[in-house]
Structure formats: structure tokens, C-alpha cells
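Here is a short briefing to read with the model open beside you.

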Amino acid sequence: MKILIILNDPPYGTERSFNGLRLAKALSGKEAEVSVFLMADAVACAKAGQKVPQGYYNLELMVKSVARQGEVLLCGTCMDARGLSDGEIIEGARRGTMAELAERTLAADRTLVF
């Protein structure tokens with residue numbers, strides 16, 4: 001089964017991206033082909049070098065985990081609007097396009113939006 005998860009919220013301040021990534025991780029181990037597309041403020045979830053308080057969840061580590069078992073794409077337009085360059089994102093994630101999001105949406109058996 002192909003599952004597409006689209007995240008829109010920032011990595012911190014709300015828990016929507018956190019919960020979307022938790023679900024992506026859980027689905028990755030269940031014979032599902034998972035793609036995650038980060039849009040709007042969610043592109044910051046894949047920023048390398050995040051430093052969070054001890055005991056607090058780290059979205060960078062969660063995105064890395066999802067990328068090892070699936071696909072993580074970032075909206076290139078959203079990256080540009082936030083001044084996030086390709087060199088600042090974690091290994092395993094990559095800049096994507098709206099055309100790629102459209103392709104994955106059409107190919108997905110399920111699309112979930114957070």
C-alpha cells in the first residue's frame with residue numbers, strides 16, 4: 001500500500017508535524033510504502049543541526065528515521081520562501097516540486113494531511 005503524508009505545520013509550537021511523523025514511522029514498519037511531503041513551515045522539520053532541550057522530541061531525528069525507510073520531500077518553493085537551502089537539510093531528504101507532489105497524490109492509496 002502506498003501512503004502519502006503531507007505536513008504543513010512548523011516542527012515546534014504545535015504537535016501536528018510530530019504526530020504526522022510518528023504515524024509515518026509506525027506505518028513504515030507495516031508493509032507500507034510511505035512518502036512524506038513537507039510544505040509551508042513544515043520544511044523546517046528537515047533542517048539539519050536542530051538543538052532542542054533535553055527530554056524534548058527532536059523532529060530532525062524523526063525525519064531521518066522516516067527517510068531511512070521511505071521518502072521525504074520538501075516543497076522547494078516553501079524552502080525558498082523561508083531561506084532554507086538544500087545544504088541545510090538532512091541527508092536522506094530532498095527538495096521536491098508540486099509536480100512530484102501531484103504524482104505521489106495520484107499514486108497513493110491513502111493521502112493524509114497534517
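Beyond its neighbours within four places in sequence, Leu-59 is in contact with Pro-11, Tyr-12, Ser-17, Phe-18, Leu-21, Cys-45 and Gln-50. This residue belongs to helix H2, and in this predicted model Leu-59 has a relative accessibility of 0%, so it counts as buried.

**Helices H1 and H2**

- Two packed helices are described by the angle between their axes and the distance between the axes.
- For H1 and H2, the angle is about 30° and the axes are 9 Å apart.
- Angles under 35 degrees count as roughly parallel, and H1 and H2 are therefore roughly parallel to each other.
- Their crossing is left-handed.
- On the H1 side, the residues that meet H2 are Ser-17, Phe-18, Leu-21, Arg-22, Ala-24, Lys-25 and Ser-28.
- Their counterparts in H2 are Leu-59, Met-62, Val-63, Ser-65, Val-66 and Gln-69.

**The sheet**

- An open sheet is formed by 5 strands in the order S4-S3-S2-S1-S5, with parallel pairing.
- Strand S4 (93-96) and strand S5 (110-113) are the edge strands, each pairing on one side only.
- From one strand to the next, the twist averages 25°.
- Helix H4 (residues 98-107) packs on this sheet and touches S1, S2, S3, S4 and S5, while its direction makes about 135° with that of S1.
- S3 and S4 run parallel and are joined by 4 bridges; Leu-74 stands opposite Arg-95 in S4.
- S1 and S2 also run parallel, and 6 bridges join them.

**Strand S1 and Ile-5**

- How much of S1 is buried? The count is 5 of its 6 residues, so S1 is largely enclosed by the rest of the structure.
- Ile-5 has Val-36 as its bridge partner in S2.
- Leaving out residues up to four places away in sequence, Ile-5 touches Gly-20, Leu-23, Ala-24, Leu-27, Val-34, Ser-35, Val-36, Phe-37, Leu-112 and Phe-114.

**The largest nonpolar core**

- This core has 38 residues, and those touching the most other members are Ile-5, Val-36, Leu-38, Val-72 and Leu-74.
- Which elements give two or more residues to this core? The strands are S1 (2-7), S2 (33-38) and S3 (71-75), and the helices are H1 (16-28), H2 (59-69) and H3 (76-81).

**Backbone points to check**

- Most residues other than glycine have a negative phi, which makes the next two worth a look.
- Glu-31 is not a glycine, yet its phi is positive, at about 55°.
- Glu-31 sits in the loop between H1 and S2. Is Glu-31 buried or exposed? With a relative accessible area of 79%, Glu-31 is exposed, because the cut-off for that class is over 50%.
- Ala-40, again not a glycine, has a positive phi of about 50°.
- Ala-40 is placed in the loop between S2 and H2. Its relative accessible area is 24%, so Ala-40 is partly exposed.

Definitions and conventions: Residues numbered from 1 in each chain as written. Predicted model: local features only at pLDDT ≥ 70, side-chain atom pairs only at ≥ 80, totals over all residues. Heavy atoms only, no water. Core = buried A, V, L, I, M, F, W, Y, C linked by side-chain atoms within 4.5 Å. Buried < 20%, exposed > 50% of the residue type's maximum accessible area, 1.4 Å probe, protein only. Contact = heavy atoms within 4.5 Å. Pairing = 2+ DSSP bridges. Axes fitted to C-alpha atoms, helices over the stretch in contact; angles between N-to-C directions. Parallel < 35°, antiparallel > 145°, perpendicular 65-115°, else oblique. Left-handed = near helix turned anticlockwise from the far one by under 90°.
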